[in-house]
Amino acid sequence: MTLHRDLLIGGKDLPATSGRTAEDVNPYSSQVYATVAAAGVEDVTRAVDAADAAFADWAALGPAQRRKIFLAAADLLEARTDEAVRIMAGEVGGTRPWAMFNVGLAANILREAAAAVTAPRGEVLSAQEEGALGLAVREPVGVVAAFSPWNAPVILGVRAVAAPLAAGNTVVMKPSEDAPIACGLFVADVLRDAGLPDGVLNVITNAPEDAAAVAEALIADERVRAVNFTGSTGVGRIIGVHAARHLKPAVLELGGKNSVIVLDDADVDYAVDAAVFSVFMNSGQICMSADRILVHESLAEEFKAKFTAKTESLASGDPADPHTVVGPLVTTDAARRVAALVEDAVAKGATVLTGGATLEGAVHPATVLTDLPEDADLYHGEAFGPLAVISTFGTDDEAIAFANATEHGLTCGIITENGTHGLRVARRIRTGIVHINDQSVADEPNAPFGGFKASGYGRFGGRWGIEAFSNTRWVTLATQQAHFPF
């Protein structure tokens, strides 16, 4: 029997006002995994009504009580690991190791949120007026609109709501149409069962054709005071424009054209292992995935041979198979898009080192190219699939220029056995994140996570996430009566 889920509004599971539903399809089997309520604009208003009504009590709730909810949610999430594995396999073709990683990191995001609840917020200022006490105080903004993506659904679903809730806000969450349960309703279930009060977190699911109208209505509601979105740069631009039109701050974590740079003093075997992980984890469907591997010319032949051999050893296919590394992409159309990038690159002169074969449904083979010409679509476009290009360089300056030659600026990995050398290079890379002697995919709940240039703005994580979803107020207390000129 197909699973069905309704909207979550004010602590209740409710159908869409229209009664419509949308299908949630398993990308590997092409079968309907679940149906969800297809919200319309009127349901957006209902969800914001509930969040607005719950705001005052949630903001006033004692920090110890709020902290207890986040800690309980972290434990509950870990206890439901097997459920998360099943949902991620059914909705997005996620492998078991990837789902387990999602649960582990998401649980720690909740624990970091718990710590943030009781962390000091604000500063005592050196007031200019005699006898005055000046304070800078951080306070919740109200209702936050949160848009969560499908690719790391549990991690990014939790991240979309944890900091806003910890800062004392209430949230209306719109999860991706490709994973409405994993990156929305499942996360809300965990928090609700951990004791989160009704209306503090509301989830509206929708049909793909209604996404634009639902998103615009949510951002436009005057009671929504901040926005966060994780997803593609193209959609992020639209979300950012809507937020700016209504003078609402936004945190946007968008796409990347990420590089792993293998310097001349790297350990080749380690570099191969690191780069293969960076490219092919979750079939390359991570915003931090590397699709450009830049290798010093002195190591190039050895690296190419070993990288190609390791790529060819990766098992692909059924995400339920414990040996599978490269599972299906989120949809058959996504796999076709990656195949089109390969076809275009080869037609324009690129060389296939491995992969590039015929698709099997939504499964695209792990593919490695070299000699990519500048007029190929892949040269500037994000792969977002199991696809990488190996290029060589002769000097650090060449590698840096190549890594920076993109509109994106999310993350970068620099492989070297010389930390000083790596740091010199890292200082010149124009990204929000850089990892020395590691690859490009990493996240920690206490770290400032976000991009630069077309990869977005604002930061999730640690105190930066709390600051993003709170309002800084200047408060003064005069301890003596002031004198006025008239």
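## Exercises on a predicted model

His408 sits in the loop between α13 and β18 (412-415); helices (H or I, at least four residues) and strands (E, at least two) are DSSP runs, numbered from the N terminus. This is a predicted model: local features need pLDDT of at least 70, side-chain atom pairs count only at pLDDT 80 or more, and totals for chains, interfaces and linings use all residues. Residues are numbered from 1 along each chain as its sequence is written, and side-chain values use heavy atoms, with hydrogens and water left out.

**Exercise 1.** Decide whether His408 is buried or exposed, then list its contacts.

*Solution.* 
- Step 1. Take the cut-offs: buried means under 20% relative accessible area, exposed over 50%, partly exposed in between (1.4 Å probe, protein chains only).
- Step 2. His408 has 7% relative accessibility, so it counts as buried.
- Step 3. Contact means heavy atoms within 4.5 Å. Leaving aside neighbours within four places in sequence, His408 touches Thr233, Gly255, Gly256, Lys257, Arg430, Phe452, Lys453, Ala454 and Ser455.

**Exercise 2.** Find the buried residues of helix α13 (residues 396-404) and say how they are arranged.

*Solution.* 
- Step 1. The buried residues of α13 are Ala399, Ile400, Phe402 and Ala403.
- Step 2. Seen down the axis of α13, these buried residues fall within an arc of 165°, so they line one face of the helix. The arc is that of the directions from the helix axis to the C-beta atoms.
- Step 3. Look for the cover. It includes β13 (258-262), β14 (290-296), α12 (377-380), β17 (387-393) and α14 (419-426).

**Exercise 3.** Classify Ser232 and give its distance from Ala266.

*Solution.* 
- Step 1. Ser232 lies in the loop between β11 and α8 (233-245).
- Step 2. At 37% relative accessibility, Ser232 is partly exposed.
- Step 3. Ser232 and Ala266 are 34 residues apart in sequence and 32 Å apart in space, C-alpha to C-alpha.
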